[in-house]
Amino acid sequence: MRGLIRRATGWAVSRIDARLVVLLGLLSLTGLALAHGVSDDDKAFIEGSSGLNLIPYIYLGAKHMVTGYDHLLFLVGVIFFLYRMKDVGKYVTLFAIGHSTTLLLGVIGNIHANPYLVDAVIGLSVVYKALDNLGALRRVLGFQPNPKAAVLVFGFCHGFGLATKLQELSLSKEGMVPNIVAFNVGVEIGQLLALSLILLVMNIWRRSASFERTAVAANAALMAAGFVLIGFQLTQFFVPIGA
């Protein structure tokens, strides 16, 4: 009887693991169109407001991070094999530093770049982390690139990607700096909320007997999503919509 219960429990957990992988893949692919996007309602508010609007901008920043699947996919890859909260904190802090720096400098300093190329690099960050998790980088390169440096560098890219989207909007000069700072605070709050949920799910998943097997499939899904994002963004760069 105990053997039957263990087999039944193992089968149920395996089904849950498989669904998690499929869900991750679906979110990865369907979320590409939403990455870095600004909804029409949010765009109308940002372009129609002036002066200090700290609370609304904090909300918009948190909303962006929670719905920014490119950010979340990269962070899932970053924390995938991190088991200690101290390590999670170090990597997430590095990402936040990079993300915050280029977001603020890009908008306030009016530093421009083609948004499709920046988003293609963001897609590359997802591919890179998935390959790293699969051990492919060490096998191909013959050495292990510094993972902390990679997270910081790609954090710069993710922040700059958001900056390019905000630059497309007509931001009021009145109160712009504190509003953008508030937006960045909201982004970090949203990141903490999203990571809390991701870590909860990951910890449950890691306790299952089939984690090692489904981990390979999950990182393959991450890598596929990154390649699709790269292809989508490069297509928009070379063949713009309406061209």
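**Salt bridges and their surroundings**

Mentor: Start with Leu-234, which counts as partly exposed because its relative accessibility is 30%, and buried would need under 20%. Keep in mind that this is a predicted model. Leu-234 sits in helix 10, which covers residues 211–238. Leaving aside residues up to four places away in sequence, Leu-234 touches Leu-117 and Ala-120.

Now to the salt bridges. How many does a search of the whole structure find? There are three.

Take Asp-119 and Lys-165. Their side chains meet in a salt bridge, at 3.2 Å from N to O. Asp-119 belongs to helix 6 (residues 115–133) and Lys-165 to helix 8 (residues 147–167), so this pair ties together parts that are 46 residues apart in sequence. Are the two partners buried or exposed? Asp-119 counts as buried, because its relative accessibility is 4%. Lys-165 is also buried, at 15% relative accessibility.

Stay in helix 6 for another pair. Asp-132 forms a salt bridge with Lys-129, and the closest N and O atoms are 2.8 Å apart. Both residues lie in helix 6, three residues apart, which is about one turn of the helix. Asp-132 has 13% relative accessibility, so Asp-132 counts as buried. Lys-129 has 8%, so Lys-129 counts as buried too.

Next, look at Asp-87 and Arg-84. They form a salt bridge whose closest N and O atoms are 3.0 Å apart. Here the partners fall into two classes. Asp-87 counts as buried, with 17% relative accessibility. Arg-84 is partly exposed, because its relative accessible area is 49%, and exposed would need over 50%.

Finish on the surface. Ile-108, Val-177, Val-181, Val-185, Ile-189 and Leu-193 form a nonpolar patch there. Together they have about 460 Å² of accessible area. Which helix gives the largest share of this patch? Helix 9, residues 176–206, supplies five residues. Ile-189 is placed in helix 9. Its relative accessibility is 38%, so Ile-189 counts as partly exposed.

To recap, trace the salt bridge of Asp-119 with Lys-165, then that of Asp-132 with Lys-129, then that of Asp-87 with Arg-84. After that, turn to the nonpolar patch and find Ile-189 in it.

How values were computed. Residues numbered from 1 in each chain as written. Predicted model: local features only at pLDDT ≥ 70, side-chain atom pairs only at ≥ 80, totals over all residues. Heavy atoms only, no water. Helix = DSSP H or I, 4+ residues; strand = E, 2+ residues; numbered from the N terminus. Buried < 20%, exposed > 50% of the residue type's maximum accessible area, 1.4 Å probe, protein only. Contact = heavy atoms within 4.5 Å. Patch = residues over 30% accessible without salt bridge, like charges linked within 9 Å, V, L, I, M, F, W, Y side chains within 5 Å. Areas by Shrake-Rupley, 256 points an atom, 1.4 Å probe, with all protein chains shown as cover. Salt bridge = Lys/Arg side-chain N within 4 Å of Asp/Glu carboxyl O.
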